Amino acid sequence: MKTPSEKSACGLPSHVVIDLAKTTVQHTDAEWRAKLTPMQYRVARQQGTEPPFQNVFWDHHEDGVYFSVCSETPLFDSRDKFESGTGWPSFTKPIEPAFVGETVDSSHGMRRVEVHSNVDGAHLGHVFPDGPRAQGGLRYCINSASLRFMPRAEYEAWVAKKQGGAGKPVGKK
């Protein structure tokens, strides 16, 4: 387990170029600044990283779904969250693979895979191949500043409203 003063590959900002022309939720830079807190803007829009062990969701255990802070896009289910010891929320998979894009990030002298929201272009964090083997072996190391949380009952009501009262939760088969 890393101590709060150690830098991990998660703790370094990303320098990949995300093709925002493909996103469906778009705002001007001024609109993003007005919509987000300074930390959310720095992380989600400028590909920054928040401090480990000092963010909202690293030790959060409530049942529900994590959405992009930049749109109404469900990204990760709390049932897929696990304790990685890194100081950031870690998940084994996205709630819906189509919502999360991946781009190779070769900055800082290493090769990492940056993850972002395909819907709004928000930088989320990185994915690493050192997650729990029984769940596929991936660790989505995600910045809390890129997420907002919705409790399970509220999420199920949100899904029912979005689907006209019928259907399954987004990303579930």
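These legends walk through close-up views of a predicted model. Local features need pLDDT of at least 70 and side-chain atom pairs count only at pLDDT 80 or more, while totals for chains, interfaces and linings use all residues. Residues are numbered from 1 along each chain as its sequence is written, and side-chain values use heavy atoms, with hydrogens and water left out.

**View 1. Here is the open sheet of three strands, in the order 2-1-9.** Strands (E, at least two residues) and helices (H or I, at least four) are DSSP runs, numbered from the N terminus. Two strands pair if DSSP finds at least two bridges between them, and the pairing here is antiparallel. Strand 2 (74-77) and strand 9 (147-151) stand at the edges with a single partner strand each, so one side of each has no neighbour in the sheet. From one strand to the next, the twist averages 35 degrees. Strand 1 (residues 64-68) is joined to strand 2 by three bridges; look for Val65, whose bridge partner in strand 2 is Asp77.

**View 2. Helix 3 (residues 152-162) lies across strand 1, strand 2 and strand 9.** The helix runs at about 90 degrees to strand 9; axes are lines fitted to C-alpha atoms, for helices over the stretch in contact (heavy atoms within 4.5 Å), and angles run from 0 to 180 degrees between N-to-C directions. Which residues of helix 3 are buried? They are Arg152, Tyr155, Trp158 and Val159, where buried means under 20% relative accessible area, exposed over 50% and partly exposed in between (1.4 Å probe, protein chains only). Seen down the axis of helix 3, the buried residues fall within an arc of 120 degrees, so they line one face of the helix; the arc is that of the directions from the helix axis to the C-beta atoms. Strand 1, strand 2 and strand 9 are among what covers them. Exposed Ala153 and Lys161 sit on the face turned away from the buried side. Just after helix 3 comes Gly164, with a positive phi of about 70 degrees.

**View 3. Six strands make an open, antiparallel sheet in the order 3-4-8-7-6-5.** Strand 3 (81-82) and strand 5 are the edge strands, each pairing on one side only. Strand 5 (residues 100-105) and strand 6 (residues 112-117) pair over six bridges, and Asp105 stands opposite Arg112. These two strands form a hairpin with six residues between them, and His108 in the turn has a positive phi of about 60 degrees. Strand 6 also pairs with strand 7, over four bridges; there, Glu114 stands opposite His126.

**View 4. The largest nonpolar core has 14 residues.** Such a core is a set of buried Ala, Val, Leu, Ile, Met, Phe, Trp, Tyr and Cys residues joined through side-chain atoms within 4.5 Å. Phe76, Ile142 and Leu147 touch the most other members. Not counting residues up to four places away in sequence, Ile142 touches several residues, including Trp88, Val115 and Leu124.

**View 5. Phe57, Tyr66, Phe76, Phe91, Tyr140 and Phe149 form one aromatic cluster.** Rings of Phe, Tyr and Trp (its six-membered ring) pair if their centres lie within 6.5 Å; planes under 30 degrees apart count as stacked, over 60 as edge-to-face and the rest as tilted. Phe57 and Tyr66 are edge-to-face, 5.1 Å centre to centre with 80 degrees between the planes. Phe76 and Phe91 are stacked, at 4.6 Å and 20 degrees. Phe76 lies in strand 2 and Phe91 in strand 4 (residues 90-91), so this pair ties together parts 15 residues apart in sequence.
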